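Hello,

I am passing on the model we talked about, with my notes on it. Please look through the sequence and structure before reading on.

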Amino acid sequence: MKDKPVKVCICHHQKVSMSLHRYSSASSRGFMKKKVVFIEPEGAPSNVFTRLMKIPLLGPLYLGTIAKENGFAVTILNENILKRHVSDPELEQADILCLSCITATINRGKTIAARYRDVRSRLDLRSKVIIGGIHASMLPEDVASHGDHIVVGEAEDIIVDVLNGAFKDQLIYSQPVENLNQLPIPDYSLIQGWKTMNVIPVMTSRGCPYNCNFCSVTEMFGHKYRWQSAQRVFDELIRIPSHVPTVFFTDDHFTANANRTEELLNLMMKKGFKKRWNAQVRTEISKNPELVATMRKAGCRMVFVGFESINPQSLVSMHKNQSIEDITRTVKVFKKNDICVHGMFMLGNDPDTTEVFSTTTKFCKKTGIDTVQYTILTPLPGTKLFGEFVKQDRLLHTDWNFYDGLHVVFKPRNMTALQLQEGMVECFRQFYHYTNACNDAFNTLYQSAAALVKKMYKNAHFPSMMPMMMKILGKGVVSDWIARNRSYMKYLHMLSTKD
Ligand code: B12
Ligand code: SF4
């Protein structure tokens, strides 16, 4: 394990915004278009989402669409969608390479940048690397030696100027997009292999008024909640190709503006929008059961909710602003409306002891949460948590590959790092096993029969098979994670014997 010094971003934020609202200026004609290649490097192979759901980040899509509309020849290479690394010929063709990375993918991004420079210089061609995305925005110093320009923040307003070479400074600060309605409809055909995508991400808002200490969303997109109008969202929805069955509203907080949400859902129902969709929500929404019922009618099949912890002290230490009652009510209200609940939990907060593993798994079983995602508290760069852990000298290392929420990268307070790592694995094992899947199968059978009877009299929803399937698939994912991470477990074991 490499120990690298951590530099926390303390740059002066002199923000620049050169050419606002040039998202749809006319394409240039009559000369060779500059080739711009956006790359989203592969995610951690053990991450269940990387393997099962190929969802691209929207950054390259918005920026690529704007660049195309402004006369550049754009390709987006997403290594998760391609299921392979980008090749040398693909890198050779890029006049400008644009990298979009989260923390867990930045190491791979740096490798790609080096390879790109290498293949271009062998052909005696100039190379230009621009790096953006959340990691570069939170820790620009970490990537400075790998890019000609590092862009901090939302880049829609400046991308054309950056590509045109209008900026002299290496570090470029951009402004948040003020009016999200003006964003172009993402052009998915720019992504090579996009037709294999079975879920299309749509993001209808940015920013979050909350202040969770582990989250980088507020650092990146701010506390002001900005949203698109129902009509703008609908315009995007109807352009999604018919072969894609599912939409994922990737907003951090899809229902934060209840009026806008209701307007959108009504529009979807009125216009007969038929795709099923999932969304990320906070627990507050379950205080509005009418809206939840409308969500189901408009096609919602699953919600992803950051429950984070069932240890009340941990909820406080995270500044999550939610209680156990909120969590319990949320599961109840959504299940009552036949919407599956994917609960996301974070283990290893300072108030957590080893007891947290069994109490969390028991809670998940008792409440009947459909699918779960246990993560380990992770100090992501730019967050308050990261700042605190650096100050307290609690980071184990800064090998970003392991900053994926599935590896312990800090010294926990009330247990060893190994106990935390093993505890997470055990939580997964307890949830994703065949007995649970069989229980789901029986429940599904029973509920289907009940729905059939009900349907004779009124509308009834048939239960989803998804939780059962996820439990079977999840079991394989957990075994795979264990097999791939033996050396990391050994490393944590070595640390615990040192203490
Ligand atoms: C959709 C989503 C997912 C999807 C797809 C993710 C993917 N392809 O990596 C799924 C569900 C699979 C997922 C999984 C994970 N995710 Co996620 N996810 C998101 C979410 C909600 C939306 C991403 C998005 O599209 N944003 C909107 C676009 C517009 O923003 P953007 O892509 O950052 O682009 C803007 C700027 O960054 C910049 N920019 C971006 N690229 C470039 C390139 C250039 C050249 C330039 C100039 C500018 C630029 O301009 C863009 C336009 O304004 C974000 C939260 C968020 N609000 O962003 C979290 C987020 C990205 N995820 C996060 C995390 C931690 C994870 C997981 C590790 C969680 C886990 N434990 O499993 C995994 C890792 C997956 C992987 N790749 O390995 C963190 C990342 C933080 C960090 N520092 O790394 C975020 C920020 C959430 C958080 N709470 O902090 N995720
Ligand atoms: S975790 Fe969710 S609620 Fe908390 S600050 Fe981040 S986006 Fe907002």
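Predicted model: local features only at pLDDT ≥ 70, side-chain atom pairs only at ≥ 80, totals over all residues.

Residues are numbered from 1 along each chain as its sequence is written, and chains are lettered from A and ligands numbered from 1 in the order in which they are written.

Ligand shells

A residue is taken as near a ligand if its C-beta atom, placed from the backbone, lies within 6 Å of it. By that rule 47 residues surround ligand 1, and the closest are G43, G59, S100, G132 and G405.

For composition, Ala, Val, Leu, Ile, Met, Phe, Trp, Tyr, Cys and Pro count as nonpolar, Asp, Glu, Lys and Arg as charged, and the others, Gly among them, as polar. The shell around ligand 1 then divides into 28 nonpolar, 15 polar and 4 charged residues. Around ligand 2 the residues are C208, Y210, N211, C212, C215, V217, T218, D252, H253, R282 and G306. That shell has 5 nonpolar, 4 polar and 2 charged residues.

Helix pairs

Two packed helices are described by the angle between their axes and the distance between the axes. The axes are lines fitted to C-alpha atoms over the stretch in contact, and angles run from 0 to 180 degrees between N-to-C directions. Helix 11 (residues 258-270) and helix 12 (residues 289-297) have axes that come within 9 Å and cross at roughly 30°. The two helices are therefore roughly parallel to each other (angles under 35 degrees; over 145 is roughly antiparallel, 65 to 115 roughly perpendicular and the rest oblique). The crossing of helix 11 past helix 12 is left-handed (the near helix is turned anticlockwise from the far one by less than a right angle; right-handed if clockwise).

For helix 15 (residues 355-367) and helix 17 (residues 417-431), the axes come within 10 Å and cross at roughly 20°. This makes helix 15 roughly parallel to helix 17. Here helix 15 passes helix 17 in a right-handed crossing.

E355 belongs to helix 15. Its C-alpha atom is separated by 9.4 Å from that of G423, 68 residues apart along the chain. E355 is exposed, with 12 other C-beta atoms within 10 Å (exposed means 12 or fewer such atoms, buried 20 or more, and partly exposed in between, with C-beta atoms placed from the backbone).

Helix 16

Which residues of helix 16 (residues 384-391) are buried? They are L385, F386 and F389. Seen down the axis of helix 16, the buried residues fall within an arc of 100°, so they line one face of the helix (the arc is that of the directions from the helix axis to the C-beta atoms). After helix 16 comes D393, with a positive phi near 55°.

Loop residues

H319 lies in the loop between helix 13 (312-317) and helix 14 (324-336), and N321 is found in the loop between helix 13 and helix 14 as well. Neither is a glycine: phi of H319 is positive, near 60°, and N321 has a positive phi of about 60°. H319 has 13 C-beta neighbours inside 10 Å and counts as partly exposed; N321 has 15 and is partly exposed.

T255 sits in the loop between strand 10 (246-249) and helix 11. With 25 C-beta neighbours inside 10 Å, T255 is buried. T255 and S205 are 50 residues apart in sequence and 9.6 Å apart in space, C-alpha to C-alpha.

Regards

Terms used:
Helix = DSSP H or I, 4+ residues; strand = E, 2+ residues; numbered from the N terminus.
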